[in-house]
Amino acid sequence: MGIYIVKRLLSAVPLLLAISFLTFGLNGLSPIDPVEAVLQAQGVPVTTEEIIAETRAALGMDRPFLTRYFDWLISCLKLDFGRSYVTGEPVWSLLGPAFLNTLKLTLASMTAIIALSITLGVICALREGRMLDKTVRGVSFVLTSMPSYFIAALLIWYFSVKLDWSPTSGMGSYPNYVLPVVVLTIGYAGIYFRIVRSSMLSQLNEDYVLYGRACGLPERRITMHILRNSMQVAVSVFCMAVPILLGSTVVVENLFAWPGLGTLTVNSILSRDYPIIQAYVLVLGAAFVLFNTVSDLIQTAMNPKLRKEH
């Protein structure tokens, strides 16, 4: 198991390097000169060739591409992503607090999604084909097909404007979490509960279930065994849901004025603040690789067959 963990961690290094290389190359994909984008972000009214040349030299953009990439990569390993083109502040001083705010929202939403998905998945699997199963699947299909901004607008209108039960923006206290978490949970629980349900159904007709019932084991104990085996499939889905949520809170954060990565990134895109955009893409890509690795390790720990193979 220890050797497999080391191999799995080492195998993630080339992928992280590829992500960092593509992230750094974002500047080259810009339709305008990155130096001109810097000057526009800083509000320089008139750009001349002399100003462009001086700015290019000051930012080190006159050096070879690979030299700039390796310098940037080494700085990123120290959590130094450069400085914002707009404010001149270190990128991490802006990205760090925003990342923590988004992480808080993601963890709260993920907890609700996992609890609701497992509960509904188990109940619907044990009552396959009955009215409750059909109703839950039908409602979840309708809710997941709705855009998140539409659901958010309805919740804000009813609970915040009409009933005045919940704040509409910010993250000052626990009530601020309610509506954003509900919106994210509605959008994803309807998808993940079907995965749990499908995994449960695939286990219900296994030989160990029939043998347990034939031996007179309590139905609750059999259900727990089924759930445990079903989680081997669902755990990878739930692990990957964390980086997916980190990257999909943009709409929700902007609707609820949540000071997270989504709000920061949208503002950076509008102002062409490339260092912040690069840092966001790199952090999000690293999160996908990290949680994918964690998912593989958890599955290997849960499944003895995988441990023997490795």
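Phe21 has a relative accessibility of 36% and therefore counts as partly exposed, a class that lies between buried (under 20% relative accessible area) and exposed (over 50%), with a 1.4 Å probe and protein chains only. Phe21 is placed in helix 1. The model is predicted, so that local features need pLDDT of at least 70 and side-chain atom pairs pLDDT 80 or more, while totals for chains, interfaces and linings use all residues. Residues are numbered from 1 along each chain as its sequence is written, and side-chain values use heavy atoms, without hydrogens and water.

Together with Leu22, Phe65, Leu66 and Phe70, Phe21 makes a nonpolar surface patch of about 500 Å². Patches consist of residues with over 30% relative accessible area and no salt bridge, nonpolar side chains (Val, Leu, Ile, Met, Phe, Trp, Tyr) being joined within 5 Å and like charges within 9 Å. A salt bridge is a side-chain nitrogen of Lys or Arg within 4 Å of a carboxyl oxygen of Asp or Glu. Helix 1 (2–24) and helix 4 (65–77) each supply at least two patch residues, and helix 4 gives the most, with three.

The chain contains 14 helices and zero strands; helices are DSSP runs (H or I) of at least four residues, and strands (E) of at least two. Values for the chain follow.

| Property | Value |
|---|---|
| Buried residues | 39% of 310 residues |
| Accessible surface (Shrake-Rupley, 1.4 Å probe) | about 16900 Å² |
| Carbon and sulfur part of the accessible surface | 67% |
| C-alpha box along the principal axes | roughly 85 × 60 × 30 Å |

Of the contacts (heavy atoms within 4.5 Å) with a separation of 6 or more, 75% join residues 24 or more positions apart.
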